Amino acid sequence: MGATQLPSTEFDGSEADDQLEARAEAVLGDPDVPMVQLLGPDGTLGTDPVFSEYAARLDAGKLRGFYADMAKIRRFDVEATALQRQGQLALWVPLTGQEAAQIGSGRASQPQDYLFPTYREHGVALTRNVDLAELLRQFRGVSNGGWNPKDTNFHLYTLVLAAQTPHAVGYAMGIQRDQKLAEASAAAGDSAAGPQDPKAAVMVYFGDGASSEGDVHESMVFAASYNAPVVFFCQNNHWAISVPTAVQTRIPLSNRAKGYGFPGIRVDGNDVVAVHAVTEWALEHAREGKGPVLIEAFTYRVGAHTTADDPTKYRGSEEEARWRAKDPLERLEKYLRAEGLADDAFFEQVKTDGDELAAYVRRTTHDLETPDIRTAFANTYAEAHPLVAEELAWFEEYSAGFADEAGSLPVTAEQAEADKAASR
Amino acid sequence: MTTMTIAKAINEGLRATLSNNPRSLLMGEDIGPLGGVYRVTDGLIAEFGADRVVDTPLAESGIIGTAIGLALRGYLPVCEIQFDGFVFPGFNQITTQLAKMHSRSNGNLTVPVVIRIPYGGGIGSIEHHSESPEALFAHTAGLRIITPSNPHDAYWMIQQAVDCLDPVIVFEPKRRYWLKGEVDTDSPGESADPFKAHVLRAGTDATVVAYGPLVPVALAAAGAAAEDGHSVEVIDLRSISPIDFDTVTASVRKTGRLIVAHEAPTFGGIGGEIAARVSERAFHSLEAPVIRVGGFHMPYPVAKVEEDYLPDIDRILEALERALAY
């Protein structure tokens with residue numbers, strides 16, 4: 001396919017390299033680098049020799065669903081940012097601008113697939129039915145996780161950059177072995193073996209900054225060596241906090257796949273139709289045993305890295321304005337309206353739903369209970385541990401000394417167990 | 001009872017694990033047809049196939065990281081790190097991911113990964129091949145660390161590590177791989193709990209705590225001390241995290257003197273932790289300060305001088321003399 005045949009380098013060694021800004025511009029905006037795009041910024045639907053076929057599977061309901069998801073998560077983002085500003089969250093990691101990359105890819109996954117996010121994939125979390133209030137636990141400081149990944153096949157956020165990428169490959173290696181065990185069991189005529197599980201794949205998210213981490217390299221080597229069913233989904237949002245992509249790479253990130261021996265595709269990350277099509281293809285490719293795929297979703301972090309960041313110190317407003325003109329929601333709205341697939345009532349309803357979600361999140365965030373430190377004692381190890389038991393016993397005795405004081409901690413083991421159960 | 005070396009005992013323990021649990025698998029560099037640089041996995045790939053004895057790319061972070069992913073999918077990976085000094089490319093995965101996953105998930109996820117690390121010196125090798133980094137891992141909550149000193153423990157400990165729901169690092173005393181001993185493959189007997197220390201020799205005048213490669217040295221020192229009329233109790237710690245402080249403290253209450261010996265540098269080491277805990281628990285039983293015998297505060301020295309670095313019988317006896325002088 002055309003998209004995998006990218007040039008090996010887009011630099012010619014000229015003085016263009018001298019200026020970081022010029023390099024950034026070259027990597028970020030070179031129109032010659034092939035990029036899968038179906039829905040352009042003007043809201044018109046183009047064609048692609050491979051991916052139009054995937055886009056054709058999308059009916060009006062699905063397209064409206066994409067829009068509703070993107071609007072919902074953007075509204076959520078606004079609400080979470082406000083909650084941080086009001087001191088209700090310690091930190092927030094905004095996703096605005098990356099809605100298409102996240103909703104498009106997340107909606108392309110199947111329930112049996114397992115997804116490993118980094119820490120900005122709130123949109124993907126929405127597609128995996130994670131309760132968005134639970135997602136805020138971590139940012140409110142009441143959990144280092146917040147949801148049970150087994151419920152949704154959406155892993156916990158990982159804050160050490162790229163550390164989740166080998167986990168994804170290992171998980172995919174497990175899927176390979178599960179399939180072999182199931183096949184062996186079926187071949188042996190094991191009547192106890194039920195119908196085979198649907199084929200599954202893994203998708204792992206990381207960013208342009210994390211692409212420099214050694215774990216990404218090692219993961220891609222492992223994935224290639226074992227032909228693991230994993231899709232590497234890189235959201236190139238152009239900024240690793242304050243450092244532009246040009247410092248991380250001198251070639252389009254999707255080109256790196258070639259070095260590992262599997263397909264790499266750059267897709268317009270602000271085009272939800274293209275992202276969905278490419279991801280659907282990649283996941284099918286992986287599930288069918290054809291090996292890993294790297295997707296580079298070319299997008300932009302419109303807001304700050306986190307609420308502790310100040311983008312005015314490192315990038316110009318013209319650049320932001322240029323990317324705002326490529327807004328993923330606006331282009332889909334234009335398309336839906338032009339094609340008569342959605343009317344004012346639909347968009348009004350989307351807005352109402354978003355406000356309801358925001359109200360729910362605001363209400364629930366206030367109610368997120370502070371856990372007891374005993375849950376931390378209880379969850380350090382899965383099996384009994386004498387040092388933990390000893391320190392907990394000391395803590396119980398110590399805190400019992402404050403029993404008469406207001407706001408003291410619960411002191412019974414039953415209460416600690418109940419807290420632990422409640423935190424799950 | 002069968003007589004075998006520690007290396008063979010681990011090999012047999014791994015074979016038993018692979019036979020008993022279809023979801024267990026081995027991963028590491030050169031562990032397939034070669035059988036590992038110490039041949040600990042010798043013959044296993046032929047018996048269990050390449051899906052269960054996995055020769056990995058040469059990337060320690062990748063080995064530990066993919067093992068975590070396999071564990072999340074319900075597998076029981078046993079990773080071999082080729083040498084102690086080469087674990088550090090995987091240190092991030094071990095300390096920030098493996099150790100914390102259960103806690104991070106509020107107890108919902110378990111990652112029963114086992115990491116085998118041949119450790120310690122005395123083999124006349126080049127840099128990074130003779131280190132004892134156990135304290136760096138013991139400091140990290142969420143990990144368990146055990147180290148066998150004899151073939152029977154080696155056979156059972158590797159299987160117990162796989163059975164444990166928590167991540168376990170098994171430090172294998174590489175210079176003792178060829179140490180022979182009796183193994184009861186039918187029953188672990190007194191080795192049923194891998195996290196419990198063993199009193200190997202009873203005594204009344206002083207206690208020497210050692211683990212892994214220094215256990216035979218401590219026993220020899222106790223033998224030599226006996227000839228001088230000193231009755232020395234020897235404890236094989238077996239587990240470095242958690243530490244069986246009950247057994248150590250009970251011994252010190254009896255003997256009043258404690259020496260802790262390990263190859264790792266004493267500064268910030270396991271000996272310091274034991275000294276502190278014992279002084280908290282049994283201060284009034286102590287007749288002398290707890291004395292540590294261990295490596296110096298330097299990178300592991302070159303092979304030609306490692307004999308001056310490694311604690312030996314005389315270093316333990318010298319410490320014993322100091323303790324008895326109080």
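Biologist: At what angle do helix 10 of chain A and helix 3 of chain B pack?
Modeller: In this predicted model, helix 10 (residues 214–226) of chain A packs against helix 3 of chain B at about 70°, and their axes are 9 Å apart. Helices are DSSP runs of H or I, at least four residues, numbered from the N terminus. Axes are lines fitted to C-alpha atoms over the stretch in contact, with angles from 0 to 180 degrees between N-to-C directions.

Biologist: Parallel or perpendicular, then?
Modeller: The two helices are therefore roughly perpendicular (65 to 115 degrees).

Biologist: Which residues make the contact?
Modeller: From helix 10 of chain A come Gly214(A), Asp215(A), Glu218(A), Ser219(A), Val221(A) and Phe222(A). Helix 3 of chain B brings Ser61(B), Gly62(B), Gly65(B) and Thr66(B). Contact means C-beta atoms, placed from the backbone, within 7 Å.

Biologist: And by class?
Modeller: There are 2 nonpolar, 6 polar and 2 charged residues in that contact. Ala, Val, Leu, Ile, Met, Phe, Trp, Tyr, Cys and Pro count as nonpolar, Asp, Glu, Lys and Arg as charged, and the others, Gly among them, as polar.

Biologist: How many residues of chain B are in contact with chain A overall?
Modeller: On chain B, 35 residues are in contact with 42 residues of chain A. Helix 3 (60–72), helix 4 (91–98) and helix 5 (101–104) of chain B each supply at least two residues of that side. Its largest share, 9 residues, comes from helix 3. By class, this side of chain B has 13 nonpolar, 18 polar and 4 charged residues.

Biologist: What does chain B span?
Modeller: Its C-alpha trace spans about 60 × 40 × 40 Å along the principal axes.

Terms used. Residues numbered from 1 in each chain as written. Chains lettered and ligands numbered in written order. Predicted model: local features only at pLDDT ≥ 70, side-chain atom pairs only at ≥ 80, totals over all residues. Contact = placed C-beta atoms within 7 Å. Parallel < 35°, antiparallel > 145°, perpendicular 65-115°, else oblique.
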